[in-house]
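The tour goes stop by stop: select, look, move on.

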Amino acid sequence: MLILGIESSCDETGIALYDSAAGLLAHALHSQVAMHAEYGGVVPELASRDHVRRVVPLLRSTLENAGKSLADIDAIAYTRGPGLSGALLVGCAFAEALALALDKPTVPVHHLEGHLLSPLLSSDPPVFPFVALLVSGGHTQLMKVSGVGAYELLGETLDDAAGEAFDKSAKLLGLPYPGGALLSRLAEQGDPARYTLPRPMLHSGDLDFSFSGLKTAVLTLVREHQDDPDAQFRADAARAFQEAIVEVLVKKSLKALRQTGLQRLVVAGGVGANRQLRASLDAEARRRRFRVHYPELEYCTDNGAMIALAGCLRLQAGTPAKPAGAFAVQPRWPLMQLADGAATC
């Protein structure tokens, strides 16, 4: 099967071609970061309009790079949700219209399932079952993954997601949008011993998270040093924040492995690209002798490759493709609706 994947849930337009036998053939991505930076965050209407402009040129370049034509496509997978409704509608409508014109079936895909399965695109893919730490701008969850569609929620954030806390704390430190990645780079220059911030719910006894209090602690620190906010203060504060959030993520992940008895951990989502998080997990993996898997850095952010892969795996797992035509997006769509194959996309 040759699957076309289309991702447009927020501020990246992604197109990919995935072959069930040969793997990923080609993919293309356009990020809207520069456009939204002027406004300090994603503007949904602008995001939707930009997806309209980008999707056809990206499709053409992906087909050209793969040496394929539209006639070669067997099915079209696209992100149905969750995400920004207008942005989702662009990808969804384009996919369904293209499928109708080509007389091909479609596979609506859950955006988080794409992230969850994205490490399977790596050069060292995990095998089922495994524990997954899903850390992105909007979600922080620990899952037991027994197979495609077989998901058990172990814990999740009760308020801010890890990526959201990164971005909000970066803004408090005066970093421009998008701040999370900038905060991580700044933290590398910071002194980890200068400040200590709280580790929310570290000893809660469960696998849930909470990061809003950590963001508040950064705000308090900034206010205490508002008269001397030099560059070194910002670096040290960023390092203190990152130390706290990484420790919570690592220790909760280790607890999830112990609780499930599994020896494989998968890290997915944008925060999975954080170098300190990866270094800490790698060190624990060597010490405790478990395997940890990450997607390649280019697949940590939103992308079409993970959607094409998820669509292909869904079809191989027996999820029926739908005839092209009628469609609906789901801006709010709990991943657990897909658990145990009880609900199709």
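Start with two helices. Select α8 and α9: their axes come within 10 Å and cross at roughly 35 degrees. Axes here are lines fitted to C-alpha atoms, for helices over the stretch in contact, and angles run from 0 to 180 degrees between N-to-C directions. Helices (H or I, at least four residues) and strands (E, at least two) are DSSP runs, numbered from the N terminus. The crossing of α8 past α9 is right-handed. For handedness, a crossing is left-handed if the near helix is turned anticlockwise from the far one by less than a right angle, and right-handed if clockwise.

Before going further, note that this is a predicted model: local features need pLDDT of at least 70, side-chain atom pairs count only at pLDDT 80 or more, and totals for chains, interfaces and linings use all residues. Residues are numbered from 1 along each chain as its sequence is written, and side-chain values use heavy atoms, with hydrogens and water left out.

Now show the side chains between these helices. On the α8 side, pick Arg 239, Gln 242, Glu 243, Val 246, Leu 249, Val 250, Leu 254 and Arg 258. They meet Gln 276, Leu 277, Ser 280, Leu 281, Glu 284 and Arg 288 in α9. Contact means heavy atoms within 4.5 Å.

**Next: α7 against α8**

Select Leu 214, Val 218, Leu 221 and Val 222 in α7. Their partners in α8 are Phe 233, Ala 237, Phe 241, Ala 244 and Ile 245.

**Next: the sheet**

Which strands make up the open sheet, and in what order? There are five, ordered β8-β7-β6-β9-β10, with mixed pairing. Two strands pair if DSSP finds at least two bridges between them. Color β8 (150-156) and β10 (291-293): they stand at the edges with a single partner strand each, so one side of each is left without a neighbour in the sheet. Neighbouring strands of this sheet are turned by 25 degrees against each other on average, direction ignored.

Zoom to β7, residues 140-147. Six bridges join β7 to β8, and the two run antiparallel. Find Gln 141; opposite this residue stands Glu 156 in β8. Then bring back α8, residues 231-260, which packs on the sheet and touches β6 (130-135), β7, β8 and β9 (264-268). The direction of α8 makes about 155 degrees with that of β6.

**Next: the nonpolar cores**

In soluble globular proteins, nonpolar side chains tend to be buried together. Here the largest nonpolar core has 50 residues. Such a core is a set of buried Ala, Val, Leu, Ile, Met, Phe, Trp, Tyr and Cys residues joined through side-chain atoms within 4.5 Å. Buried means under 20% relative accessible area, exposed over 50%, partly exposed in between (1.4 Å probe, protein chains only). Select Leu 173, Leu 197, Phe 211, Phe 241, Ile 245, Leu 265 and Val 267, the residues with the most contacts inside this core. β6, α5 (162-172), α6 (179-187), α7 (212-224), α8, β9 and α9 (275-288) each supply at least two of its residues. α8 gives the most, with 15.

Center on Leu 265. Not counting residues up to four places away in sequence, Leu 265 touches Val 131, Leu 133, Ser 253, Leu 257, Leu 281, Phe 290, Arg 291, Val 292 and His 293. Another core lies apart from the largest one.

**Next: Gly 5**

Go to strand β1, residues 2-7, and pick Gly 5. Is this residue buried or exposed? At 0% relative accessibility, Gly 5 counts as buried. Beyond its neighbours within four places in sequence, Gly 5 contacts Gly 14, Ile 15, Ala 16, Ala 77, Gly 304, Ile 307 and Ala 308.

Pro 82 lies in the loop between β4 (75-81) and α3 (85-102). Another cis bond joins Tyr 177 and Pro 178, with omega about -10 degrees. Pro 178 is in the loop between α5 and α6.

Finish at Arg 289, in the loop between α9 and β10. Its phi is positive, about 60 degrees, although Arg 289 is not a glycine. Arg 289 is exposed, with a relative accessible area of 74%.
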